[in-house]
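Good morning, and thank you for making time for this presentation. I would ask you to keep the sequence and the model in view while I speak.

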Amino acid sequence: MTVCGLVTNSREPVPLKSISVDVVVRGFVADVVSELRYHNEEKSPVEVVFVFPLDDEAAVYAFEGLIGGTRIEAQIREKKQAEQEYEDALSEGRQAFLLGREENTSDIFTCSLGNLPPNGEATLKLSYVQALAPEPDGAIRFVLPAVLNPRYAPQGSEGGNVTKSIPRLPKGQLPYTLSLSATLESPYGINHVESKCTLEPLRYRAEDRTTAQVSLAEGHQFDQDVELLIYYEDIHKPSTLLEAGKPGAAPGSLMGDPALLLTLYPSVPAPKPGQKATGEFLFLLDRSGSMDSWTDRNPDSPTRIQSAKETLIFLLKSLPLGCYFNIYGFGSTHDSFYPQSVEYTQETMSKSLQRVKELQADLGGTEILRPLKAIYSQPCREGFPRQLFVFTDGEVSNTDKVIAEVQHHSSSHRCFSFGIGEGASTALIKGIARAAGGSAEFITGKERMQAKALQSLKKALQPAVTRISLSWDLPPGLKAELVGSGPQVIFQGQRCLIYAQIHGQDQSSGSTEGTAVLQYQFQDQTFKETLKFSLSSQETDRLPVHRLAAQTLLKELEGAREKGEEKQRLALETSLSSGVVCSQTAFVGVNMELGTALQGPLSRRDVPHALQGGMALCYAQSASLGISFSRMPTAGCNPMVSCSPPPTQHPRLVNSAGLFKGKRAMRKMCGFPLQSSPPPPIQNSYSAKSSEPTPKEKESPLLSLVSLQNANGSWPLDSGLATILGLSETEISSKSPAQVTPDAWATVLALLWLHSRAIDHRDEWELLETKALSWLQATAGSQLAQCMKAGNEMLGSSVSPEAFGI
């Protein structure tokens, strides 16, 4: 057997030797410069191809290279022209490189470095800017993606899978390293920085802590996403940033005029969710084989499907009585719990809960377009706003078509999306949420999906903010114009970035301030948010605000349902003038000095990424299992091409519909542990133990308690609750206050347990607690204080009456 991940016939490492990244984070804007150093160690010239992921909202605006001591600055061109210049340079023996965005998605870029001679070196510098969003706890999250998952190509789709051929190497064996340094700036002060990677100590550059610097520890292996969680002193204060235009650009143009960035947190009143809230809640769960992978590289972490199932349980328990719901699963095919959404009752909730616990990642590939069309074919229920929740690891290649489908039905629903695990497509996850006025979340590492999903459910239960408008008060001679259409949906606590272009010349004497007023309607009330800003613009040669404004406009133009010639022309002009690459443009750099023609055939070498799971999944012998491996199947390999016959066709690895059951089933069939561990030595015969049923995954006490809750919010007094509380049913009943029903007493005890034993996970059970308190007030309101006192004594807790609103 040959280990998967070797990238040359001579088993030499690929040319990429190091990556150096410099980041400047100002408030919610990250300006990033990445340098990639190549060294061709082969005896023939090579064309190096490096496929790498960037955030969907990243705006790439500059690209240059140092090849053989000659600096080459790339120019942005219309894509066909750039490709022609690149091909012409290669055919003439010149050094050249080409950078462009992949077709059908906006978060994958491909860099081709042509004609790198033997023993030649090259350094490429890539610059981009992106807007950052706050996490639920207020942290600003910057991510440098390392994992690029193979994107599943639906049956009948055109083109190959650009990520399919990327070599994957085991953890710790990448032939290149990463260094990263970040400068942080905030007018309100920087509190601290967290990361799952090892960091050097945070260094403050100013006494008021408004500037700081942090870097990765030396020798970092780029085998996982680099994530920085930046905590500011006052994250909710609105802010402004006015940036001077580009010198030499025409006045009146986007790049020639000053650009204003407004960061606002509208004070939308949050109605307390309760039983009166209505809606139709549809949950679309990815059940493809890749969902059987772990959420991160930690063998003790849950699988993606396991985490998604637990989240569905919390969501089901948190829904209000009287709403409608349905649960869909998708892979190569799709199914649903019910032919159409059903009313949320005790019966439907209990039935659905049992089915959720039985779900597996056994539906093959990742065909998300078909289930979406099936959902949209169902008529909406009047008076029950449709809310769609999508859970996926985002491994699809027809991203643009999926987003377009969601956009087409945006007037009839809101979409809340969740990218699970490292490498989830930011283009897909953010794109469908943006298209239907929802929000997007990403779950990696040790993060619990439940908290983020419940935050989104709270948003879904809110009435929509409508009639959003922005007015300006500026000195005479100045006029503000929005870039793009501005915000369409605003949720409580959500950060809104608004870009505006400031036209004209100030004709006033001494006026140095402008005012922006955001107005909107919410539950028949009108609200205003007023923000003053300085008209003294900041000069910078990197122009991050202008680039982000251009990116916002480009996304709107390219994401439009009707892409007419005028919109296409405007998108091309915006891209060429701003330097922000889009689907119609690319960067090309050519060394115009014609040297000696390179000798020898030109070889192509792909730069590898780390294995997604970090270790091999399975070994086998054809004699014992009926499968022969041409190479070691790994988490990063495509099982469609790794095995003969492929696992997707093996009779013991497909379900009754002929669909692949997933990697868990493959590990089980091979007789290996279901949790991640180094594979055991190959046995001479098939282990009989592998035919035993999969052991039941152990539930956490919190999940067990939540699973017991009734649809109306109450808990039954039964043996399940007694076990969690560490008491007997008899003990519990004997301590019940007089004239209190068993269910009311059990519900008080369950809530006390949550407050005393699971307070760190309150975001996950806050909505179901609201249901429980509403039920208690209606059932035992006058005796609630007495029940709390007795419950605290029984459980040894000290939860205050204020926690129950008493």
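How many aromatic pairs does the structure hold? The structure, which is a predicted model, holds 12 aromatic pairs. I shall take two of them in turn.

The pair I begin with is formed by F63 and F97, with an edge-to-face arrangement, 5.0 Å centre to centre and 80 degrees between the planes. Where do these two residues lie? F63 belongs to strand 4, residues 59-67, and F97 to strand 7, residues 96-101, so this contact ties together parts that are 34 residues apart in sequence. Is F63 buried or exposed? F63 has 4% relative accessibility and therefore counts as buried, the limit being under 20%. F97, at 0% relative accessibility, counts as buried as well.

Next, F325 and Y344 form an aromatic pair that is edge-to-face, with 5.9 Å centre to centre and 80 degrees between the planes. F325 lies in strand 20, residues 324-330, whereas Y344 is in the loop between strand 22 (342-343) and helix 3 (346-358); the pair therefore ties together parts that are 19 residues apart in sequence. On accessibility, F325 counts as buried at 0%, and Y344 counts as buried at 1%.

Which residues do ring pairs link into a cluster? They are F283, F389, F391, F416 and F418.

I turn now to charges placed over rings. R355 lies over the face of F337, 4.2 Å from the ring centre. Over the ring of Y324 sits the charged end of R381, at 4.0 Å from the centre of that ring.

My last topic is a sheet. As background, the strands of a sheet pair through backbone hydrogen bonds, in either a parallel or an antiparallel manner. Here, four strands make an open sheet in the order 17-18-28-27, and the pairing is antiparallel. Which strands stand at the edges? They are strand 17 (239-243) and strand 27 (478-482); each has a single partner strand, so one side of each is left without a neighbour in the sheet. On average, neighbouring strands of this sheet are turned by 25 degrees against each other, with direction ignored.

Let me close with one pairing in detail. Strand 27 pairs with strand 28, residues 496-504, in the antiparallel sense over five bridges. What is the bridge partner of E481 in strand 28? The partner is Q501.

Thank you for your attention.

How values were computed
Residues are numbered from 1 along each chain as its sequence is written. This is a predicted model: local features need pLDDT of at least 70, side-chain atom pairs count only at pLDDT 80 or more; totals for chains, interfaces and linings use all residues. Side-chain values use heavy atoms; hydrogens and water are left out. Rings of Phe, Tyr and Trp (its six-membered ring) pair if their centres lie within 6.5 Å; planes under 30 degrees apart count as stacked, over 60 as edge-to-face and the rest as tilted. Buried means under 20% relative accessible area, exposed over 50%, partly exposed in between (1.4 Å probe, protein chains only). A charge sits over a ring if NZ of Lys or CZ of Arg is within 6 Å of the ring centre and within 35 degrees of the ring normal. Two strands pair if DSSP finds at least two bridges between them. Axes are lines fitted to C-alpha atoms, for helices over the stretch in contact, and angles run from 0 to 180 degrees between N-to-C directions.
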